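This report looks at charged side-chain pairs and at one pair of helices. The structure comes first, and the description follows.

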Amino acid sequence: MAKTILLVDDSVTMLMSVKNNLEIAGFKVETAEDGLKALAKCTGGLKPDLIITDINMPNMGGIEFIKKARALPGFRFLPILTLTTEANQAKRDEGKAAGATGWLVKPVGGADLLKIIKQVLPGA
Amino acid sequence: MREKKSKNIDFKNGAGRIFIFSSTAMLLLMVGAVFLSPYLDASLGRFKEMVFLGFALIIALCSQWFLMQALQKKPVLSSEERIHAANEKLRYVLNNITRQVEMALGAKSSAGVKSANIASDNSVDSLATTLAKCAVTLAEHVRALIDTLQNDSNESLEEAKQILLPQIEQTAQAITRYLNACENIDVQLRERINETKELLLNLQNVLENFSPQQIMQDSPVLQSCVNETYAVIDRHLQLENAIKDQLNVVANDTNDSAIQLVTLMRDLSNEAENLVRYITDAVQKISSLDSGVDDSVGFIIRIAHFIQDIPEKIQADIQSIQGVSGVIDGLTNLVDSIKEISFQTDILAVNAAIQAAHAGEAGLGFKIVADEVRKLAVNSNKAAEMIEDGLDAARHTIKEGLKFKFLEEVMAEMNEAAAVMESVKKLEESHEDMRQYYKTLFSVINNNNRKLAADISEILGSIQYQDIVRQRIERMQIAMQHRNDLFQLFVTELESSGGNLTDDFASQMNVILNNYLEKESHHNNSLNSRDEEDAPPKFELF
């Protein structure tokens with residue numbers, strides 16, 4: 001059974017490239033263009049094994065999305081990684097406080113991304 | 001010593017009173033200037049300094065006039081050096097006064113109304129202060145002079161008269177020159193004060209009727225300069241908009257290219273997968289073909305063995321047939337024996353018939369037997385001939401079938417058939433080679449495909465730079481928009497105020513710059529930023 005990853009980013013390029021990478025590696029990938037749409041998918045019955053989200057997005061940013069997703073039933077211990085251009089420590093601390101599992105700074109190569117995913121998803 | 005002597009001055013002396021009066025008046029004037037400054041500002045405005053200057057000058061002149069009166073009434077002798085020193089000091093003070101007055105009034109000709117105002121204000125203040133200081137200094141010098149004269153008067157009057165008379169004369173002349181100079185200064189000061197008054201009045205009129213448009217109309221150079229500035233800022237904004245549009249185009253183009261690249265990469269990946277699938281299928285098919293080929297080869301080998309054995313079998317058959325031929329030959333001899341027996345039986349039957357004829361009637365039965373025997377002998381002969389014909393035919397057939405050439409041909413064909421086995425073996429070996437080749441090919445293609453997949457994966461990762469570039473362009477556009485808005489505001493305010501700007505545009509611009517730089521510092525900037533030692537790690541698990 002392929003693991004499902006929810007990918008949240010406002011950039012179509014990012015969504016396509018990361019989605020392709022993950023699909024080639026055998027994952028099932030769901031995508032959302034902002035935090036609001038991603039939250040709607042989560043409340044609509046989607047149970048991903050991992051969430052990878054951008055931070056700076058329209059409508060709802062990554063930090064707020066992580067906070068709200070953590071409050072959903074079944075999402076408390078779900079690994080949530082950020083994939084963003086934000087590199088400063090203050091933003092990282094904010095993400096950590098919101099409940100993020102890890103912080104990735106763009107760009108992350110395909111092999112590196114898979115290694116990191118294997119760390120947070122041991123069965124993958 | 002000097003202070004001690006000064007205590008002995010008779011304060012009833014007029015000079016002392018004048019000094020005290022002038023000093024007190026000057027002090028009162030200064031104190032009044034300090035405390036009444038806000039009220040006088042409201043009532044007198046910019047003429048406040050001139051009024052104080054006038055008062056200070058009047059006090060100084062009055063005190064000097066009274067001093068001169070007192071000195072004339074009571075001339076006192078003094079030494080030549082002290083008079084000379086006093087003269088020098090007086091000249092120095094006068095020069096100071098003259099220079100300050102010239103500075104104050106010279107500001108009138110300087111360009112720029114505002115700077116002239118400031119310069120004249122400063123100069124007037126400075127002049128008033130200097131005049132006050134000069135008055136005090138002058139009073140001190142006068143007091144010192146009086147002390148000296150007083151002391152000297154205690155000495156022998158006669159000696160003093162001899163020594164000091166020329167000096168007194170010189171002092172009197174110096175004081176006269178000083179007074180003349182003071183009068184000149186007074187006249188000049190009045191003239192300059194009047195000029196300054198006129199200048200200030202003009203300035204007041206200008207300020208009352210102040211309008212930027214008027215200034216611009218009055219100053220073609222300024223007008224042209226301002227127009228040029230507007231035009232430059234306008235063109236600058238147009239250029240900015242053009243650059244912003246181009247940045248948008250760049251962002252969109254890179255976005256489209258990246259999407260296309262991702263699609264192509266995905267196609268490439270799919271093609272690589274298809275290729276591997278095809279090769280895998282081919283290898284599987286070859287494996288299944290292998291067993292078929294193995295079966296066929298085994299079958300062919302069995303046939304070949306069978307064919308290989310055929311010549312030996314035929315040889316054996318030939319030998320068997322040759323044996324049959326020998327048997328047939330033996331049977332032919334037997335037929336000859338039967339023929340001979342049949343001939344002898346016939347002769348015997350003929351002899352028996354002759355003997356039966358001799359016996360007459362008694363021999364009739366025997367004659368019948370003899371006839372039958374003779375018939376039997378004839379029939380036996382006929383049967384023997386038939387057998388002989390059959391055996392001849394069989395022998396002929398065998399002889400025809402066992403001709404030598406026929407056997408050679410058969411043997412050659414049989415050998416050729418046996419050689420097929422060698423070909424089959426070679427075919428089997430070739431097939432094995434081909435199978436190994438396919439295995440190697442599959443392994444190489446599989447490895448290459450794995451590398452290709454890794455490269456595709458890395459390329460897909462690198463495409464993320466498009467998003468980084470896009471965000472960087474967006475931040476640049478935001479900063480440029482803020483700057484353009486500020487430029488627009490600057491131009492608007494410049495037009496409406498005519499140069500009298502109320503906002504601090506430089507600091508606002510600085511805020512925009514700092515905001516932009518701060519935002520940039522929060523993001524991963526470039527490819528090279530990977531190597532920065534002090535940068536936070538690119539990957540961190542909490």
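## Salt bridges

Over all chains, the structure holds 20 salt bridges. The model is a predicted one.

One of the salt bridges joins Asp9(A) to Lys106(A), with the closest N and O atoms 3.1 Å apart. This pair links distant parts of the chain, 97 residues apart. Asp9(A) lies in the loop between strand 1 (4-8) and helix 1 (12-24) of chain A, while Lys106(A) lies in the loop between strand 5 (102-105) and helix 5 (110-120) of chain A. Asp9(A) counts as buried because its relative accessibility is 3%, and buried means under 20%. Lys106(A) is buried as well, with a relative accessible area of 0%.

## Partly exposed pairs and a network

Glu30(A) and Lys28(A) also form a salt bridge through their side chains (3.6 Å, N to O). Glu30(A) counts as partly exposed at 23% relative accessibility, and Lys28(A) is partly exposed at 44%.

In chain B, the side chains of Arg235(B) and Asp234(B) meet in a salt bridge (3.3 Å, N to O). Asp234(B) is partly exposed, at 36% relative accessibility. Elsewhere, salt bridges with shared partners join Asp9(A), Asp10(A), Asp54(A), Lys106(A), Asp467(B), Arg470(B) and Glu474(B) into one network.

## Two helices in chain A

The axes of helix 2 (residues 35-43) and helix 3 (residues 62-70) of chain A come within 9 Å and cross at roughly 15 degrees. The two helices of chain A are therefore roughly parallel. Their crossing is right-handed.

Gly35(A), Ala38(A) and Leu39(A) in helix 2 meet Phe65(A), Lys68(A) and Ala69(A) in helix 3. By class, this contact has four nonpolar, one polar and one charged residues.

Notes. Residues numbered from 1 in each chain as written. Chains lettered and ligands numbered in written order. Predicted model: local features only at pLDDT ≥ 70, side-chain atom pairs only at ≥ 80, totals over all residues. Heavy atoms only, no water. Axes fitted to C-alpha atoms, helices over the stretch in contact; angles between N-to-C directions. Helix = DSSP H or I, 4+ residues; strand = E, 2+ residues; numbered from the N terminus. Parallel < 35°, antiparallel > 145°, perpendicular 65-115°, else oblique. Left-handed = near helix turned anticlockwise from the far one by under 90°. Contact = heavy atoms within 4.5 Å. Nonpolar A, V, L, I, M, F, W, Y, C, P; charged D, E, K, R; others polar. Salt bridge = Lys/Arg side-chain N within 4 Å of Asp/Glu carboxyl O. Buried < 20%, exposed > 50% of the residue type's maximum accessible area, 1.4 Å probe, protein only.
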